[in-house]
Amino acid sequence: MKNERRLRIMTAEGELRGLIDDDLFVFKGIPYAAPPVDALRWRPPQPVTPWQEVRDATQWGNASWQSRDYCVAAGGGDPGRFSEDCLYLNIWTPDVEPSRPLPVMVWLHGGGFTIGAGNLDPYRGKALAAQGVVVVTLNYRLGHFGFFAHPALDAEYPEEAVVNNFALLDQIAALQWIQRNIPAFGGDRHNITLFGESSGARSVLSLCCSPLAEGLFHKGIVQSAYSLPDVPRKKAQQIGKQVVAHFGLPESATAEQLRQLPADQFWPLQRPLGLGPVAISGDAVLPKPMLATFMAGKQHRIPLMVGSNSDEASVLDYFGVDAAAVLKQMRSKSRLSYSLMKWLYDIHDDTLLGRAVARDMAFTVVPLLVAQSQHSIGMPAWRYWFDYVSENARDLYPHGTWHGNEIPYVFNTLTTLKPPAERAYTAVDQAFAAMVSTYWVTFARDANAFSAQLQGEVEWPVWRPREDLTLAFGHQGKPQSVLKPRFMRGRLRLFRLMMRSHVKL
């Protein structure tokens, strides 16, 4: 069968024709829900209409409307065609008839909920699938199509069933599709790992808190999730009203009028007409804020791997965080807090100190918060810190690993990226990527509620408060893994206390 150049698979919705790529089966652009267009804009995803003929699954599906230039510059590449009709997924599998069902890894791309697509070069699932897993990547609604609230739309639901987080519902619909169909691709519907980076990582955490997602996945990997609070529904409604006014509609505009607004006019809207890179709390999808749910230990009971990078401050400008201003504000409000930070960090250059403080407040504290919450409910968590920079690019990244730079190591896709010749990836970089991706596959294959460690180059124990172990991927520029006890313990405890004082369930 693997000698055939094309391959057919029967799904619940109809037959698909895919491709074979170096002994792997690849299916692209599979619709997992009906196109959310016209009357289906700002509605929960609906079932796909079954098809009778064989459907071609050799081309990528449409991406949601977004800025192509920004996605090319910062999101991982060219996302391809844009359309509201964007609910498609892609599958890589090593065997459609394995002797035992294979673990499934489902990727949720990042991009601040405004850019990105599942087909970008860093997200190609070929190298992961070659290690014996089924890899799924997907597109979902972005920007105002993914997250939106307005009284005219909310009035279409009973109060307890209002929906504002359409992107999260898209991800849930994809997981439901996977439950129905992944056995046909050799996957195990009882062993699904949901993993994502940045807003994709926030999506993983949000779905860990959504009553609508329970049971659809069995473990999660959270890469560089940020601590920005979700937007309360009332505030989202206010922003929705401002958006409608921006388009010249009256305050009494109907849902039908809103759905007639041109799709390509939404993505350029910036603050204050945008929600920012977070979900909306208070609807049927996310009834309570994600951070508050974790702090209360009310997340779904599944194993999690969670971590961040050594120079997450590289992305803080996008989130509107001025690192120097954070420190200046802290110093003006409290000289004691400023002095405490200088003592905790032992950094005496205010620019560098502000960068480190902003990084840890926005990113590094989340893995600790999640690990502590997991421990409180008796579920395992593995905490990591990514601090490796490719050998020929270290002069470009003097502060460490940028936000998102771990992704091609996780997917082992360095060979798909094409940096300038003088920045080419070395054999050492390639070996390090192979090692990192193996940990991700090992988690997907082996982790369960009773696991005590993960096997790898270094045996990786679950996180426990007493030992407080973090696995560092990269150490002093070297491509090695090192377990670090009580990593950043003092400063992160302080930030966690600060978060708890501001977060109420």
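Biologist: Let's start with Arg491: which ring does its charged end sit over?

Modeller: The ring of Tyr345, with 3.8 Å between the charged end of Arg491 and the ring centre. The rule is that NZ of Lys or CZ of Arg must be within 6 Å of the ring centre and within 35 degrees of the ring normal. Lys219 qualifies too: its charged end sits over the ring of Phe443, 6.0 Å from the centre.

Biologist: Before we go on, what sort of model is this?

Modeller: A predicted one: local features need pLDDT of at least 70, side-chain atom pairs count only at pLDDT 80 or more, and totals for chains, interfaces and linings use all residues. Numbering runs from 1 along each chain as its sequence is written, and side-chain values use heavy atoms, leaving out hydrogens and water.

Biologist: Okay, rings next. How many aromatic pairs does a search of the whole structure find?

Modeller: First the rule: rings of Phe, Tyr and Trp (its six-membered ring) pair if their centres lie within 6.5 Å; planes under 30 degrees apart are stacked, over 60 edge-to-face, and the rest tilted. Searching the whole structure that way gives 31 aromatic pairs. Take Phe113 and Phe147, a tilted pair with 4.6 Å from centre to centre and 55 degrees between the planes. This pair links distant parts of the chain, 34 residues apart: Phe113 is in the loop between strand E6 (102-108) and helix H2 (126-129), and Phe147 in the loop between helix H3 (143-146) and helix H4 (151-154). Those labels are DSSP runs numbered from the N terminus (helices are H or I with at least four residues, strands are E with at least two).

Biologist: And are Phe113 and Phe147 buried or exposed?

Modeller: Both Phe113 and Phe147 are buried. The cut-offs are under 20% relative accessible area for buried, over 50% for exposed and partly exposed in between (1.4 Å probe, protein chains only).

Biologist: Why is the pair of Tyr439 and Phe473 edge-to-face?

Modeller: Because the planes of Tyr439 and Phe473 are at 70 degrees, with the ring centres 5.4 Å apart. Here again distant parts of the chain are linked: Tyr439 is in helix H14 (residues 427-446) and Phe473 in strand E16 (residues 469-475), 34 residues apart. Tyr439 counts as buried at 1% relative accessibility, and Phe473 is buried at 0%. Both belong to a cluster linked by ring pairs, whose members are Tyr384, Phe386, Tyr388, Tyr409, Phe432, Tyr439, Trp440, Trp460 and Phe473.

Biologist: Now the charges. How many salt bridges does the count come to?

Modeller: A salt bridge needs a side-chain nitrogen of Lys or Arg within 4 Å of a carboxyl oxygen of Asp or Glu, and the count comes to 20. In one of them, Glu156 and Arg43 have their closest N and O atoms 3.3 Å apart. Glu156 is in the loop between H4 and helix H5 (166-181), Arg43 in the loop between strand E3 (24-31) and strand E4 (55-56), so to speak a link between distant parts of the chain, 113 residues apart.

Biologist: Last topic, the backbone. Which peptide bond is cis, with omega near 5 degrees?

Modeller: As a general idea, most peptide bonds are trans, and most residues other than glycine have a negative phi. In this model the bond from Arg271 to Pro272 is cis, and Pro272 lies in the loop between helix H8 (255-259) and strand E11 (280-281).

Biologist: What about phi: what value does Asp23 have?

Modeller: A positive one of about 75 degrees, although Asp23 is not a glycine. Asp23 is in the loop between strand E2 (15-21) and E3, and is partly exposed at 46% relative accessibility. Asp468 also has a positive phi, near 50 degrees; Asp468 sits in the loop between strand E15 (460-461) and E16 and is buried, with a relative accessible area of 3%.
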